[in-house]
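Dear colleague,

I am handing over the structure below, followed by an account of what was found in it.

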Amino acid sequence: MIFDVRPVEVFYDDQNSILDSLVSSGQVSLASDFRNIFSKSLVIVSASYFESYFREIVQQALRKHSLNDKVFNFGVNKGVERQYHTWFDWKGGRVNPFFAMFGEECINKYKTDCDGDSALKNSAKNFIEIGQSRNLIVHDNFLTYNLNKTPDEVLSGVRSSILFLNYCSEQLL
């Protein structure tokens, strides 16, 4: 299942049009406030989209590898529903726990692949940073949290994450 970044890019383009309108109409203060909210919203939109993608690939993997509906339903109910937040080490900035859930062979393959592929390693880093930022924005007060990233920087991180997202899909499916 290939990750489709277009919905995030459409959100970005729509919000960027609003920002451009504010700037071109001379509303600099309002544009500055909007840019701050835009960046945080883009992080939340992206992290939410990543979560739905991961849930879908894990469900597809369960469907593909389950012997029957009972096993599939158990896997979805106990391993997928409301569990995404436990799949990664958000505070520590590590994706390894996700692969470890699928066994030693899977985590070892990921480590080996990352050792030989700096782009994959960087992509995973950007993925986890978006998740970390999402958690900080949501849990540390959206209004006062200072993201210190422009919308362009956030989108760049999203685009970089695509390699990691597709890698995960390839490994499970």
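Contact here means heavy atoms within 4.5 Å, and helices are DSSP runs (H or I, at least four residues) numbered from the N terminus. This is a predicted model, in which local features need pLDDT of at least 70 and side-chain atom pairs count only at pLDDT 80 or more, while totals for chains, interfaces and linings use all residues. Residues are numbered from 1 along each chain as its sequence is written, and side-chain values use heavy atoms, with hydrogens and water left out.

In the pairing of α2 with α6, K40, V43, I44, S46, A47, F50 and F54 of α2 meet F127, I130, S133, R134, I137 and V138 of α6. By class, this contact has nine nonpolar residues, two polar and two charged (Ala, Val, Leu, Ile, Met, Phe, Trp, Tyr, Cys and Pro count as nonpolar, Asp, Glu, Lys and Arg as charged, and the others, Gly among them, as polar). The axes of α2 (residues 28–65) and α6 (residues 118–139) come within 9 Å and cross at roughly 120 degrees, where axes are lines fitted to C-alpha atoms, for helices over the stretch in contact, and angles run from 0 to 180 degrees between N-to-C directions. The two helices are therefore oblique to each other, given that angles under 35 degrees count as roughly parallel, over 145 as roughly antiparallel, 65 to 115 as roughly perpendicular and the rest as oblique.

Turning to C168, this residue lies in helix α7 and is buried, with a relative accessible area of 1% (buried means under 20%, exposed over 50%, partly exposed in between, with a 1.4 Å probe and protein chains only). Leaving aside neighbours within four places in sequence, C168 is in contact with F54, I57, F98 and F99.
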